[in-house]
Amino acid sequence: MAEQHSLQESGRRDAPAQGTARSPPTLDGLPVLDHTLSLLRGGVEFGDSVAAHGDVVRFDAMGMPFVAVYDPELVQQVLVDRNDEFRKGDYETSLGELVAPRGLAFTEGEQWRRDRQLLQPAFTPRHVQSFADTMVARTASAADDWAAEGTVDLRESASALTLDILVGTLFDIDLDAERGQVVREAMSALADRISGASTMVPEWLPTPAKRRFDRRMAALDEMVEALVRERRAGDGPGSRDDLLDTLLAAEYPDGSTMDAEHVRDQLVTFLMAGHETTAVALTYILWLLAGDSTVRDRLDAEIATVCGGSDPTFADLPALEVAEAVVNEALRLYPPVYAIYRQPVADTVLGGYELQEDQTLILGTYQIHRDDRWWDDPERFRPERWLDAGGGEDEDGEDENGEAADAEDRPEYAYFPFGGGPRHCIGMRFARMELQLALVTLARRLDFERVTETVEPSAKVTLDPGTVRLRVRDRR
Ligand code: HEM
């Protein structure tokens, strides 16, 4: 802590003196390829090496100018205080074009504002709270399957579970194994499509990865159309109180509704953004827990005290502090959304550095979460740093990203796994509740032992842990 303070007091790294804006320091690249190859290799090491050059660093990759930002104060300016001066930008839009151009995560300006307002009612605390029992029931059933398997491929199993929970709550349906597979195959085809060699060839040139992606997206489209058809043919929109209904029945203030393609884009966005992130988070949570018997003992003791011999309920959540600390700490070490992208709407100055409107900002969540200026012993899994933090709600009743107990002088945006400002994750409350309940439901039933000893995360669509195997034993 003492070390952190002295670093903080010594000021931000490299920041130009006030009133003398200058270009950010530039990372020199190889001619032509610049840093594209390093970026495409996908490891988090590239981000680490950029961060070693300062808090604001410029580099070129994939023919685009990037500016990486590792200062929490500047992250807060971009996402919150000056959010209207930044848009999602070309990098994010190009991803949106591939999957869901009019999905909530990809639109800008007035269209985004109207859609966010329309969809927000599906995520009120009352709604999310009503999902708790389904989350627990579906996790309990998955726990039985995992125990029967003996050794699980955690990434795969967690992905099946979080998808099951997502559709069982937000869409109030059971997705059979075949349909579940369609969603997960589309997601993995997307990961291949936007990483590695596939991004190096011109858009018009077909590659196996691109053809596979097109095929799997077509299968996903077909499935989403069927879901909508089935809902319309059933009780009809308006009969239930879920996200699917909100989408089908919703009216904008001028009386217009979303056309079929727009509904499709939203569904695809939620299917992808809502299950993959949580699956990755759950994978890291369980793997970290399997490697730390002290934390495991503490969690077991808490579960016994709070839940007795029963599964957790929504009412138990505030008392499940160790479980919450485990979730917080796993999201710190392995934030599934490892970076956030923005682009200035016009040339501007940030932290004393000039930014041009064609530059894409990378707000480096992963690096900031592990920066020893803000975190003691940052590489270590230490859930206890979150205990006794007090308070998780701000004045508006919105959950905060979380606040660590040893926070003292730590800037708020030293931790932002769910982003911040108006575009923070709409599913944050949902995801936090799901992870806490799933963790407790699984830990009550199962013991975990690591088969995969080391995890090397790679920066794909999310922070991909690769294959993670755990031995699972029923403890009842
Ligand atoms: C651990 C799980 C999750 C993490 C770490 C996470 C992280 C994030 C982050 C960092 C953003 C902001 C991106 C930006 O500002 O550019 C975001 C946005 C978003 N998330 Fe999540 N998310 C999670 C779970 C979910 C769930 C469960 C859902 C849906 C049920 C969801 C739906 C969305 C959507 C639709 C957006 C775009 C919001 C907008 O632009 O208005 N996420 N998420």
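**View 1. R58 sits in strand β1, which covers residues 56-61.** Strands here are DSSP runs (E) of at least two residues, helices are runs (H or I) of at least four, and both are numbered from the N terminus. This is a predicted model, so to speak: local features need pLDDT of at least 70, side-chain atom pairs count only at pLDDT 80 or more, and totals for chains, interfaces and linings use all residues. Residues are numbered from 1 along each chain as its sequence is written, and side-chain values use heavy atoms, with hydrogens and water left out. Leaving aside residues up to four places away in sequence, R58 touches P24, P25, T26, L27, P65, F66, V67 and Q359; touching, or contact, means heavy atoms within 4.5 Å. R58 and D28 are 30 residues apart along the chain, and their C-alpha atoms are separated by 9.0 Å. The side chains of R58 and D60 are joined by a polar contact of 2.9 Å. For a polar contact, take a pair of N or O atoms within 3.5 Å; within protein, one must be able to donate a hydrogen and the other to accept it, and residues adjacent in sequence count only if both atoms are side-chain atoms.

**View 2. Here's the shell of 26 residues around the ligand.** K88, W112, R116, R342 and C425 come nearest (a residue is near if one of its heavy atoms lies within 4 Å). Helix α13 (260-290) gives the largest share of the shell, 5 residues. By class, the shell has 17 nonpolar, 5 polar and 4 charged residues. Ala, Val, Leu, Ile, Met, Phe, Trp, Tyr, Cys and Pro count as nonpolar, Asp, Glu, Lys and Arg as charged, and the others, Gly among them, as polar.

View 3. C425 lies in the loop between α16 (365-369) and α17.
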